[in-house]
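Here's a quick briefing to read alongside the model. Have the viewer open and follow along as we go.

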Amino acid sequence: MPKQLPITTYGMEILRIKTKPVTKIDSKIINLVEDMFYTMDRSAGIGLAAPQINSGVSIAVIDISALEEYKKEKPLVLINPSIIDSNGEHEREEGCLSIPDIRAEVIRSKEIFLRYYDFDLKEVDIELKGFMARVAQHEIDHLNGKLFIDYLSEEKKKEIKRLLAKIKKGKVETEYPLHIHSRSKSDL
Ligand code: CO
């Protein structure tokens, strides 16, 4: 049975560490991916990266099909993903399960060419456009220790400073369990 895991929160070191590539697919990895989908779903998220459930491996899951507009989009499991090429620019508001209550406009590439690995560790190249491309960029950033708030202007960063400090201390209400600031690292 998959488990709902608490979401690591802004201020935790794991969200700032570059993840390690997956080198073999074993039951640990399969269970991790199942837990990630389950946790994402229970947290009403559309994307989730392993560091958000306190794991240091390079895996992200995406499923935007709960949004009416994107109900035909299939879920994706990205193992060791990287962006090979990108085109265009597009601005849209983003949020993150690890940074509750903060939303901000972020400029992302309009389309991306993505390389990742499947469950047989076979290389897969795909092109993503629009919202799928945006979510993938957000999640791949997580795998590199980067958060969407890093893109904000100094002015906007100042504006959210107090809110971030509150989040760091766990003074935030969410409808999903949070894993608040601690020094714990993944053992994966
Ligand atoms: Co996020």
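Which residue in S8 is the bridge partner of tyrosine 116? It's valine 124. Keep in mind that this is a predicted model. With that pair as a way in, let's go through the sheet, the helices and the metal site.

**The sheet**
- Five strands make up an open sheet, in the order S2-S3-S4-S7-S8, and the pairing is antiparallel.
- At the edges sit strand S2 (47-49) and strand S8 (123-129), each of which pairs on one side only.
- From one strand to the next, the twist averages 40°.
- Strand S4 (residues 76-87) runs antiparallel to strand S7 (residues 111-117), and six bridges pair them.

- Helix H1 (residues 27-42) lies across S2, strand S3 (59-62) and S4, and runs at about 40° to S3.
- H2 lies across S2, S3, S4, S7 and S8, running at about 155° to S3.

**Helix H3**
- Helix H3 (residues 154-168) is 15 residues long, and from its first C-alpha to its last it reaches 19 Å, close to the 21 Å expected at 1.5 Å a residue.
- There's a bend of about 45° in H3 at lysine 161.
- The buried residues of this helix are Ile160, Leu164 and Ile167.
- Just after H3 comes glycine 170, with a positive phi of about 80°.

**The cobalt site**
- Three residues coordinate the cobalt ion: Cys96 through SG, and His138 and His142 each through NE2, at 2.1 to 2.2 Å.
- Along the chain, the donors of the cobalt ion follow the spacing C-x41-H-x3-H.
- Cysteine 96 is in the loop between strand S5 (90-94) and strand S6 (104-108), while histidine 142 is in helix H2 (residues 130-143), so this pair ties together parts that are 46 residues apart in sequence.
- Are cysteine 96 and histidine 142 buried or exposed? Both cysteine 96 and histidine 142 are buried.

Notes
Residues are numbered from 1 along each chain as its sequence is written. This is a predicted model: local features need pLDDT of at least 70, side-chain atom pairs count only at pLDDT 80 or more; totals for chains, interfaces and linings use all residues. Side-chain values use heavy atoms; hydrogens and water are left out. Donors are N, O and S atoms within 2.8 Å of the metal (3.2 Å for Na, K and Ca); water is not among the atoms, so sites may look incomplete. Helices (H or I, at least four residues) and strands (E, at least two) are DSSP runs, numbered from the N terminus. Buried means under 20% relative accessible area, exposed over 50%, partly exposed in between (1.4 Å probe, protein chains only). Two strands pair if DSSP finds at least two bridges between them. Axes are lines fitted to C-alpha atoms, for helices over the stretch in contact, and angles run from 0 to 180 degrees between N-to-C directions. Contact means heavy atoms within 4.5 Å. The expected span of a helix is 1.5 Å times one less than its number of residues. The bend at a residue is the angle between axes fitted to the seven residues ending there and the seven starting there.
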